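Student: Could you help me learn to read a protein model, one feature at a time?
Tutor: Gladly, let's look at it together.

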Amino acid sequence: MAVIKSIEELEKIRDQAKDLINLRKDNETKTRVVVGMGTCGIAAGARQAMLAILDEIKKRNLDNVIVTETGCIGLCKYEPLVDVIKPNQPKVTYVNVNDEKARQIVVKHIINNQVIDDWVIPNI
Amino acid sequence: MEIYRAHVLVCKGTGCTASGSENVMEAFQKEIEKRGLSKEVRVVQTGCLGLCELGPNVLIYPEGSYYCRVKAEDIPEIVEEHLVKGRIVERLLYKEHLTEERLRSLTDIDFYKKQKRIALRNCGLINPEVIEEYIANDGYKALAKVLTQMKPQEVIDEVKKSGLRGRGGGGFPTGNKWQFAANAKGDIKYVVCNADEGDPGAFMDRSVLEGDPHSVLEAMEIAGYAIGAQEGYIYVRAEYPIAVKRLEIAINQARERGLLGKNILGTGFNFDIFLRLGSGAFVCGEETALLASVEGRRGEPRPRPPFPANEGLWGKPTIINNVETYANIPPIILNGSDWFASIGTERSKGTKVFAVGGKINNTGLVEIPMGTTLREVIYEIGGGIPNGKKFKAVQTGGPSGGCIPASLLDMPIEYDTLVQAGSMMGSGGMIVMDEDNCMVDIAKFFLTFTQDESCGKCPPCRIGTKRMLEILERITNGEGKEGDIELLENLAKSIKASALCGLGQTAPNPVLSTIRYFRDEYEAHIKEKRCPAGACKALIHYEVMADKCRGCGLCVKVCPTGAISGERKQPHVIDQEKCIKCNSCFDRCPFGAIKKA
């Protein structure tokens, strides 16, 4: 471990280290991304979708997003399903999410606040 | 840095380690590895979460799900359900005592709702063995602030204004202590941390050291800067192996990072900290005895003055504060004295950590704002008394404190109210007693402890507590005499006035407070040769009530001395000569046919 020689260096280390404990604090104020991980979801490729979301979050250094899973909600035909829940906003559910769509959802919806209407669950 | 979608926090405090959290953590690591989730889910060891009764405790973020009494064999299910499928494992969630409701998140639990965690801010949140996690949660920020933005006197003023008082027992204003040491003449000064926590049932300091060792190191450095010291010593009990290990790791990491040693953060400030292990003598928690022990001499107290602030370690000006006191310092510096002074009451600021134990549902560690009532702590946070029994008294302040009766349950917890009630804050042990506890017996228990731990230097403590203990033994054996209570009171008064150190001066408190509130129990023992709580063995005997006994023979089976006999389906009898009053038959009888008298 390197010696911390100045206040600036200490602050730099604090910034880098924030990710270590970020997930354990103030989770109620963060955007929640919920990936359907029932047997149907996993079979349809939910894992790849989730890993893509995590990868994108890491690449873009987002610290206000949490990713969780949920079981089957009964719409197996539309799996992988991904919910995006921003604080104080209604839940948006995306269907048939793959690696590429997942990355777009992070960029467009989570970062730029634009819901991608074409991929949202149809009114059935 | 890797981003993980979930953190599994496993409590590795002493309580949970004892109930097997080591195995739980290993099982998590293995299962997560097996499932190929190592890059998504992080397993972290952490300090005490507070509910030691329910250990091993596991906390999973981001949901904040709180799982209790987790066993290694539960892990595959938790990983499969919670971490893979996102379904919370209901059966392992914390269950509220009153409503029997299973709660999904830590923050919903009554036990936590009334708490305010300042000294315990990092316990159960960070990994105590990783300095970066401490830094991430504003660690060493207060040190950076004092070194660059504050003069030593400003630091002392800030602590004074906060109203912080010593958390180790006496409640002396911390800022004043620092001022005395700062004013004392001399080039060499020392900062000492008293981590010789010895009260029976108290484990606040241990939990802070295990869960957040860096906060103590940071605060000692701040104290060193404030008074002009360059060296600090932590005197910690050798019986706290986990705390010692984490302190050693923390000190080494701080040195490697240049946060201890020469020219800290490039400011020219030098400070280093060394550990000294105590061997478990209770008196070494007394400051002058502690200093003697650090110096390598026999741990015996000496008269004050001179106070350590003028003549302390190796005769140099020294400040000596308790672990919890130090843990409050960095937040005071960062958030300001006004913030701290806004919490608590007029004369007792901030929060206090209590180790709650005895006859209570939620045994564990709580941190509450000063001024919270005993009733709130015992019933709302502590979950009340188990098995529908009646509350009788609560003992605070350990062997130096006293017993507070039910009539004072609505008293706010403050330094001064506790003293008025004949007890004291002490270091924060809180032992709850129900109707089955005999108050004379409790007084005898604590006096046995102080008598054992008396260092023997001064006669009032060495001989006086011995005489008091003999009287109490007489009373509990049914040999009490008229005038014994007055004799106890007289002896207590002389010991309090003449003993050399705090240990002796406060030793009679448990006796005095129980006489004050439960004099009738003493009188019942002495005059009627009766123990109302049925706890003093010499004063009770067991009988079979013939009309209720159905002759099932269960009592015969559990009796370890073969004292019970009788024909099947006929009332049984207890041979009083053979009976050792172990209570086994009383507990076992399904018909309530055994009578304690």
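Student: How are H8(B) and H10(B) oriented to each other?

Tutor: Start with the general idea: two packed helices are described by the angle between their axes and the distance between the axes. Keep in mind that this is a predicted model. Here, helix H8 (residues 174-183) of chain B and helix H10 (residues 213-227) of chain B pack at about 45°, and their axes are 8 Å apart. H8(B) and H10(B) are therefore oblique to each other.

Student: Which residues of H8(B) and H10(B) meet?

Tutor: From H8(B) come Trp178(B), Ala181(B) and Ala182(B), and they meet Ala223(B), Ala226(B) and Ile227(B) of H10(B). Sorted by class, this contact has 6 nonpolar residues, with no polar and no charged ones.

Student: What about the largest nonpolar core: how many residues has it, and which have the most contacts inside it?

Tutor: That core has 80 residues, and Tyr140(B), Trp178(B) and Ile234(B) have the most contacts inside it. H10(B) gives the most to this core, with 9 residues. Domain 2 (131-341) and domain 3 (351-434) of chain B both give residues to the core, so it lies between them.

Student: Which residues does Ile234(B) touch?

Tutor: Leaving aside residues up to four places away in sequence, Ile234(B) touches several, including Leu217(B), Met220(B), Leu247(B) and Phe274(B). There is also a second, separate core of 42 residues, with Leu59(B), Ile385(B), Leu409(B) and Tyr415(B) among them.

Student: Now the backbone, please. Where is there a cis peptide bond, and what is its omega?

Tutor: The general idea is that most residues other than glycine have a negative phi, and most peptide bonds are trans. In chain A, a cis peptide bond joins Glu79(A) and Pro80(A), with omega about -10°. Pro80(A) sits in the loop between strand S2 (65-70) and strand S3 (82-85) of chain A. In chain B, the bond from Gly55(B) to Pro56(B) is cis, with omega near -10°. Look for Pro56(B) in the loop between strand S2 (41-46) and strand S3 (58-61) of chain B.

Student: And phi? Is Leu265(B) buried or exposed?

Tutor: Leu265(B) is not a glycine, yet its phi is positive, about 55°. You will find Leu265(B) in the loop between strand S7 (261-264) and strand S8 (269-278) of chain B. With a relative accessible area of 3%, Leu265(B) is buried. Trp314(B) also has a positive phi, near 45°. At 39% relative accessibility, Trp314(B) counts as partly exposed.

How values were computed
Residues are numbered from 1 along each chain as its sequence is written. Chains are lettered from A and ligands numbered from 1 in the order in which they are written. This is a predicted model: local features need pLDDT of at least 70, side-chain atom pairs count only at pLDDT 80 or more; totals for chains, interfaces and linings use all residues. Side-chain values use heavy atoms; hydrogens and water are left out. Axes are lines fitted to C-alpha atoms, for helices over the stretch in contact, and angles run from 0 to 180 degrees between N-to-C directions. Helices (H or I, at least four residues) and strands (E, at least two) are DSSP runs, numbered from the N terminus. Angles under 35 degrees count as roughly parallel, over 145 as roughly antiparallel, 65 to 115 as roughly perpendicular and the rest as oblique. Contact means heavy atoms within 4.5 Å. Ala, Val, Leu, Ile, Met, Phe, Trp, Tyr, Cys and Pro count as nonpolar, Asp, Glu, Lys and Arg as charged, and the others, Gly among them, as polar. A nonpolar core is a set of buried Ala, Val, Leu, Ile, Met, Phe, Trp, Tyr and Cys residues joined through side-chain atoms within 4.5 Å. Buried means under 20% relative accessible area, exposed over 50%, partly exposed in between (1.4 Å probe, protein chains only). Domain bounds come from an automatic or database domain assignment.
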